[in-house]
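My entries follow in the order in which I made them.

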Amino acid sequence: MSNSSSLNEFLLLAFVDTWELRLLHFSLFLGTYLSALLGNGLIITAIVCDHHLHTPMYFFLLNLSVLDLGTLSTTVPKSMANSLWNTRAISYSGCAAQVFLVVFFLGGEYFLLTVMAYDRYVAICRPLHYSTLMGSTACVKMATGAWGSAFLHALLHTVNTFSIPLCQGNTVDQFFCEIPQILKLSCSDSYLSEVGLIAFSASIIFGCFIFIVLSYVQIFTAVLRIPSEQGRNKAFSTCLPHLAVVSLFLSTDAFAYLKPPSISSPALDMVVTVLYMVVPPALNPLIYSMRNKEFKDALRKVISW
């Protein structure tokens, strides 16, 4: 029996045991991480440098890219280092920092994707009021609200999680410090306060999801009323990337946390976690650049410098 006050490290779940497979895991994560750094870095650079992209939609996309980079940088480098050096250890303070940053960046993405849905709704359903409702001051306030809400959300979860007595060892069945896995180490019913906080957070996320769905119902209704095919295609081209990102983000998260316990296993849990922690941030730059001619032109300028 161990107590949280005496813990100085946690042991993360290793992907594989043999050197060859560890090297393969390291290489795959390294390739994914570098491609995400490049893709999101190009998005940030293009938006900052091209004045044609100084609009609310691209301002929020810039913020999303920063959050994507933060999400990946919180978990992937540590996992690569552990795999390369054949270790599973993470310090107690490192684990707490990882929990805070994971909740902060993921929460920020949820809130920002909701704001981006509102931006698309105003642009298509209320175009005459767009400059008023989505002015620079309003956009900064919305982005600040998303970041600030994510910070408070992460702070509450981190403080609450690490104030719970831990007496079931120090092995975390995940490749990073994840709150549900840490709660498995808690003593008796001491984790119930955090479970209540998780349920409250889930209700907020569900509210964001409902807001996004209702926004897109109205958006698609308005788009289908546009008489010209060119106008409909232009409207769809600005909405579909965001909708694809939301779908990828929410579907992988939902499967990770709502899958039946009967099919749960450490190996499956790890694979599913990789799907929602690593894949969306790496694919977002590709999704946003596929059907957006204006953004492609800006990227070509950046690459040609």
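I began with the lining of the second largest pocket, which by class has 10 nonpolar, six polar and five charged residues; here Ala, Val, Leu, Ile, Met, Phe, Trp, Tyr, Cys and Pro count as nonpolar, Asp, Glu, Lys and Arg as charged, and the others, Gly among them, as polar. I noted that this is a predicted model, in which local features need pLDDT of at least 70 and side-chain atom pairs count only at pLDDT 80 or more, while totals for chains, interfaces and linings use all residues. Residues are numbered from 1 along each chain as its sequence is written, and side-chain values use heavy atoms, with hydrogens and water left out.

Confidence came next, as pLDDT, the predictor's confidence in each residue from 0 to 100. The protein averages 84, and 91% of the residues score at least 70. Confidence is highest in α5, at a mean of 94, and lowest in α11, at 72; helices are DSSP runs of H or I with at least four residues, numbered from the N terminus.

I then returned to the second largest pocket, which holds about 410 Å³ of space. Of its 21 lining residues, Met-57, Arg-120, Lys-234, Ser-237 and Thr-238 are the closest to the centre. The helices α2 (56–85), α3 (92–125), α7 (192–224), α8 (229–258) and α11 (293–304) each supply at least two lining residues, and α8 gives the most, with five. For the method, I wrote down that a pocket is an open set of points on a 1 Å grid over the protein atoms alone, with protein on both sides within 12 Å along at least five of seven lines, whereas a cavity is a set where a 1.4 Å probe fits but cannot get out; lining residues have an atom within 4 Å of a point. A volume is the space filled by probe spheres set on the points, which are joined across faces, edges and corners.

The whole structure has four cavities of 30 Å³ or more. The second largest cavity, with a volume of about 50 Å³, is lined by Met-57, Phe-60, Met-116, Asp-119, Arg-120, Thr-238, His-242 and Tyr-288. The largest share of that lining, three residues, comes from α3.

Last, I looked up Asn-170, which sits in the loop between α5 (136–161) and α6 (179–183). A polar atom of the Asn-170 side chain lies 3.2 Å from the backbone oxygen of Glu-9. Leaving aside neighbours within four places in sequence, Asn-170 is in contact (heavy atoms within 4.5 Å) with Leu-7, Glu-9, Phe-10, Leu-11 and Leu-185.

Note on methods: A polar contact is a pair of N or O atoms within 3.5 Å; within protein, one must be able to donate a hydrogen and the other to accept it, and residues adjacent in sequence count only if both atoms are side-chain atoms.
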